Amino acid sequence: MSERFSFDLHARDGKARTGVIQTPRGAVRTPAFMPVGTAATVKAMMPESVRATGADILLGNTYHLMLRPTAERIDRLGGLHKFMNWERPILTDSGGFQVMSLAGLRKLTEKGVTFKSHIDGSKHELTPERSMEIQRLLGSDIVMCFDECPALPADRDRIAESMRLSMRWAERSRAAFGDRPGHALFGIMQGGLEQDLREESAEALKAIGFEGYAVGGLAVGEGQEAMFDCLDYAPGFLPEDKPRYLMGVGKPDDIVGAVKRGIDMMDCVLPSRSGRTGQVFTRHGVLNIKNARHIDDPRPLDEACTCPACRNFSRAYLHHVFRSQEIISSMLLTWHNLHYFQEIMAGMREAIAAGTFAAWEADFHAGRAQGDI
Ligand SMILES: CNc1nc2c(CC[C@H]3O[C@@H](OC)[C@@H]4OC(C)(C)O[C@@H]43)c3nc(N)[nH]c(=O)c3cc2[nH]1
């Protein structure tokens, strides 16, 4: 365990990189996939099960936790790590994105955002300063700047105005974060799909200086092609020696394409959320266990998978417990999906270190049938 926060790059293969983020609470192998634990739990998973899937770090959420049970209560109870029994690194999002996507009656000003809770309608305010205070109270190891993520499509002027507001908020976030050894503050690049605005945002963030940099404002409905077009240049505007975090991504092929373009960290609710709806990701493609064709199928989801669902249960059983809305269905499918996402990350880390990323990527795409399997 190091007392500091640091990022060591071990190898590159093209634009893809592999390395380790050292934190006082443990190491994060990159490229890393971060399961989302929005309300202090990765839904349907025990913390030790999340670790067993291969996760080194998970995500918490300022917006959800400030509303319930409140950051002050979690602080009084010893912080988020103790509260949710996860002693490894936690990254928390700053709340801006969730306010815009979840809260009601929002008012956005230079100061910040006031809004009504989607839970009980109570009034709240988030500013860069308040977001930093909440994330400090939670005790998260990697703190995100308070930003505004505009919904796409949006016209260029709106994107530019929003990005420049986020850069002023990044300055205020840095000032409010203070001096916290062993903890990191990440800036968030905005600028939509405009290359010059993305570059302006990166320059603004580098002038302030952060321990890591996120590419924000993507995975908001622009589609994979537009996202990859942006990722063909945006990571390159960021410092080579700091972690690059692509927020909210994504499906397995999104993740592979992002790592190929120089991204080191990603988070997405997809593997956990889709596990609860019966959607299963495997090396051969996607299937939905609720489909009647699985009712008598004795085979595992994926013959080559070593997760508890694939080692101990048939598709027929998983179909049955999904149809019967049994709790074990969410547990097993979430575990499988998270395990598979971590397998992809481990495979990429190994391939980049060996200089065989192109071959690994070709094999990854070759194995995936189109449609249900
Ligand atoms: C899905 N696509 C997507 N997510 C994005 C996010 C939120 C990242 C998600 O990870 C979790 O944070 C802990 C949360 O779980 C929900 C609530 C699902 O969303 C949060 C973003 N966050 C910030 N601060 N700025 C961004 O520009 C941004 C862009 C995104 N695009």
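Trainee: In which loop is Gly250 found?

Mentor: This is a predicted model, and in it a cis peptide bond joins Val249 and Gly250, with omega about 5°. To place Gly250, take the elements on either side: strand 13 covers 244-246 and helix 10 covers 252-260. Gly250 is therefore in the loop between strand 13 and helix 10.

Trainee: Which residue does a cis peptide bond join to Arg68?

Mentor: The omega of this bond is about 10°.

Trainee: What is phi of Ala219 near?

Mentor: Ala219 is found in the loop between strand 12 (212-215) and helix 9. Its phi is positive, in a residue other than glycine. The value is near 55°.

Trainee: Where does the ligand sit?

Mentor: Consider the space first: about 870 Å³ lies in the largest pocket. That pocket is lined by 41 residues, with Phe97, Gly248, Asp267, Cys268 and Val269 nearest its centre. The ligand sits in the largest pocket.

Trainee: Which element gives the largest share of the lining of the largest pocket?

Mentor: The elements that give two or more residues to this lining are strand 5, helix 5, helix 9 (224-231), strand 14 (265-268) and helix 11 (270-276). The largest share is four residues, and it comes from helix 5.

Trainee: Which element gives the largest share of the shell around the ligand?

Mentor: Two or more residues of the shell come from each of strand 5 (58-61) and helix 5 (96-102). By class, the shell has ten nonpolar, ten polar and three charged residues. The largest share, three residues, comes from strand 5.

Trainee: How far is an oxygen atom of the ligand from a polar backbone atom of Gly217?

Mentor: Gly217 is among the residues that come nearest to the ligand, together with Asp93, Asp147, Leu218 and Asp267. A polar side-chain atom of Asp93 lies 2.8 Å from a nitrogen atom of the ligand, and for a polar side-chain atom of Asp147 the distance to a ligand nitrogen is 2.8 Å. At Gly217 a backbone atom is involved, and the distance to the ligand oxygen is 2.7 Å.

Trainee: What percentage of the ligand's accessible area does the protein cover?

Mentor: On its own, the ligand has 620 Å² of accessible area. Of this, the protein covers 90%.

How values were computed:
Residues numbered from 1 in each chain as written. Predicted model: local features only at pLDDT ≥ 70, side-chain atom pairs only at ≥ 80, totals over all residues. Heavy atoms only, no water. Near = heavy atom within 4 Å. Polar contact = N/O pair within 3.5 Å; in protein donor to acceptor, adjacent residues only side chain to side chain. Areas by Shrake-Rupley, 256 points an atom, 1.4 Å probe, with all protein chains shown as cover. 1 Å grid on protein atoms, 1.4 Å probe; cavity = no way out; pocket = protein on both sides within 12 Å on 5 of 7 lines; lining within 4 Å. Sits in = over half its atoms within 2 Å of the grid points. Nonpolar A, V, L, I, M, F, W, Y, C, P; charged D, E, K, R; others polar. Points joined across faces, edges and corners; volume = space filled by probe spheres on them.
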